[in-house]
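Please look through the structure below with its overall build in mind, and then follow the text from the chain as a whole to its salt bridges, its pocket and its backbone angles.

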Amino acid sequence: QPSSIITANEGILYGSVRDSVLRACRHHNIPVKLRPPTLQDLKDANGVFISSTSRWVMPVHEVCLGDLMSFQNDDDGEEEDSGESIDKKKRE
């Protein structure tokens, strides 16, 4: 599967940095999926970033989802589970 960018198209700020990222994707023929990212998208991602007017484009190193789960990528890009699974939390 070719690399792509997934970004929500509703409920977000349409900032100039985001617009620049999307224009760069079009210029370099990188597919963009305009939909909210899912938990599975996060788990399968080769990289995650956020964009902001004051911080430009910043990599995301860890995603914490409260009591649900927490995972982070190690230096090799492999997922490292740093929390309990959703199923285990549901059983408690």
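Of the 92 residues that make up the protein chain, 14% count as buried, in a model that is predicted. The accessible surface of the protein chain amounts to about 7,300 Å², and carbon and sulfur atoms account for 51% of that area.

The protein chain is built from 3 helices and 7 strands, which follow one another from the N terminus in the order β-α-β-α-β-β-β-β-β-α.

Turning to charged side chains, a search of the whole structure finds 2 salt bridges. One of them is formed by the side chains of Arg23 and Asp19, with a distance of 3.1 Å from N to O. Both residues belong to helix H1, which covers residues 16-27, and they are 4 residues apart, or about one turn of the helix.

The next feature to trace is the largest pocket, which has a volume of about 1,000 Å³. Its lining is made up of 34 residues, and those closest to the centre of the pocket are Ile5, Ile6, Thr7, Gly47 and Phe49. Which elements each supply at least two residues of the lining of the largest pocket? They are strand S1 (5-7), H1, helix H2 (39-44) and strand S3 (49-52); H1 gives the most, with 5 residues. Sorted by class, the lining of the largest pocket holds 18 nonpolar residues, together with 11 polar and 5 charged ones.

The backbone angles deserve a separate look, and two residues can be taken in turn. Asn29, although it is not a glycine, has a positive phi of about 55 degrees. This residue is found in the loop between H1 and strand S2, the latter covering residues 32-34. With a relative accessible area of 68%, Asn29 is exposed, because the exposed class begins over 50%.

Trp56 is another residue other than glycine with a positive phi, here near 60 degrees. Where Asn29 sits in a loop, Trp56 lies in strand S4, which runs over residues 56-59. Trp56 has a relative accessibility of 62% and therefore counts as exposed.

Methods:
Residues numbered from 1 in each chain as written. Predicted model: local features only at pLDDT ≥ 70, side-chain atom pairs only at ≥ 80, totals over all residues. Heavy atoms only, no water. Buried < 20%, exposed > 50% of the residue type's maximum accessible area, 1.4 Å probe, protein only. Areas by Shrake-Rupley, 256 points an atom, 1.4 Å probe, with all protein chains shown as cover. Salt bridge = Lys/Arg side-chain N within 4 Å of Asp/Glu carboxyl O. 1 Å grid on protein atoms, 1.4 Å probe; cavity = no way out; pocket = protein on both sides within 12 Å on 5 of 7 lines; lining within 4 Å. Points joined across faces, edges and corners; volume = space filled by probe spheres on them. Nonpolar A, V, L, I, M, F, W, Y, C, P; charged D, E, K, R; others polar.
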